[in-house]
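Reader: Hi! I am new to protein structures, and I would like to learn how to read one. Could you take me through it step by step?

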Amino acid sequence: MEVLYIRRSTGSQENSFGRQMDGKSFDKVYTDTCSGSIPFFQRTSVQELIKDIDKYTISTLYVHELSRLGRSLRDILNTINYFTERKIQVVVNKENIKLFQDDGSVSPMTMMMISLLGTFSELERQMILDRQKEGIRISRLKNKYLGRKRSEEHTSELQSLAYLVCRLLLEKK
């Protein structure tokens, strides 16, 4: 059974699904919309994948690029180790990586490439966070930063809390 794992960061990346499938058909596709910083085994679709690994004979897991597995080197290596122990071939399309060689062994060169690319994924995640923080800092200096929009429920809770604080202050007078 050949399966595809897709992770996209936001719901607005709808077109990324087609790109990640690379025109190939799969027995099953697992999709998550979450940050790459969320550990692989804590993702919703991965829980389903793990159950299916125990139920079915999954021979190959395809991913578009290594960063889809995670943005932490440790998490990526743990994920690769999980599939290695279960003899499940992992194919990374963009970087042209196959975990197992034709003789069934894992090449040290492949592990080196996975480690290097995992390090770059981690670095890229940190650079994204740094740029985000810098943008927020600049917006605050210009008094243009509003922050994340609050939900109606959260807003009403804040209004209730503000009302209570005002009442307490008025009672003290």
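This is a predicted model: local features need pLDDT of at least 70, side-chain atom pairs count only at pLDDT 80 or more; totals for chains, interfaces and linings use all residues.

Reader: What is the phi of Asn 143?

Author: Here is the general idea: most residues other than glycine have a negative phi. Asn 143 is not a glycine, yet its phi is positive, at about 55 degrees. Lys 87 is another case, with a positive phi near 55 degrees in a residue other than glycine. Lys 87 lies in the loop between α3 and β4 (89–92). With a relative accessible area of 62%, Lys 87 is exposed.

Reader: Now the bigger picture, please. How many helices and strands does the protein have?

Author: The protein has five helices and five strands. Along the sequence, they follow the pattern β-α-β-α-β-α-β-β-α-α. Of its 173 residues, 32% count as buried. As for contacts with a separation of 6 or more, 62% of them come from residues 24 or more positions apart.

Reader: At what angle do α3 and α4 pack?

Author: For a pair of helices, look at the angle, the distance between the axes and the handedness. Helix α3 (residues 73–85) packs with α4 at an angle of about 145 degrees, and the axes are 8 Å apart. The crossing of α3 and α4 is right-handed. On the α3 side, the contact is made by Leu 73, Arg 74, Ile 76, Leu 77 and Ile 80. The α4 side contributes residues including Met 111, Ile 114, Gly 118 and Glu 122.

Reader: And the surface: which residues make the nonpolar patch?

Author: Met 109, Met 112, Met 113, Leu 116, Phe 120, Leu 123 and Met 127 make a nonpolar surface patch of about 660 Å². Take Met 127, which is placed in helix α4 (residues 108–141).

Reader: Why can Met 127 be called partly exposed?

Author: Partly exposed covers the range between the buried limit of 20% and the exposed limit of 50%. Met 127 has a relative accessible area of 39%, so it is partly exposed.

Methods
Residues are numbered from 1 along each chain as its sequence is written. Side-chain values use heavy atoms; hydrogens and water are left out. Patches are made of residues with over 30% relative accessible area and no salt bridge: like charges are joined within 9 Å, nonpolar side chains (Val, Leu, Ile, Met, Phe, Trp, Tyr) within 5 Å. Accessible areas come from the Shrake-Rupley method with a 1.4 Å probe; for residues, only the protein chains shown count as cover. A salt bridge is a side-chain nitrogen of Lys or Arg within 4 Å of a carboxyl oxygen of Asp or Glu. Helices (H or I, at least four residues) and strands (E, at least two) are DSSP runs, numbered from the N terminus. Buried means under 20% relative accessible area, exposed over 50%, partly exposed in between (1.4 Å probe, protein chains only). Axes are lines fitted to C-alpha atoms, for helices over the stretch in contact, and angles run from 0 to 180 degrees between N-to-C directions. A crossing is left-handed if the near helix is turned anticlockwise from the far one by less than a right angle, and right-handed if clockwise. Contact means heavy atoms within 4.5 Å.
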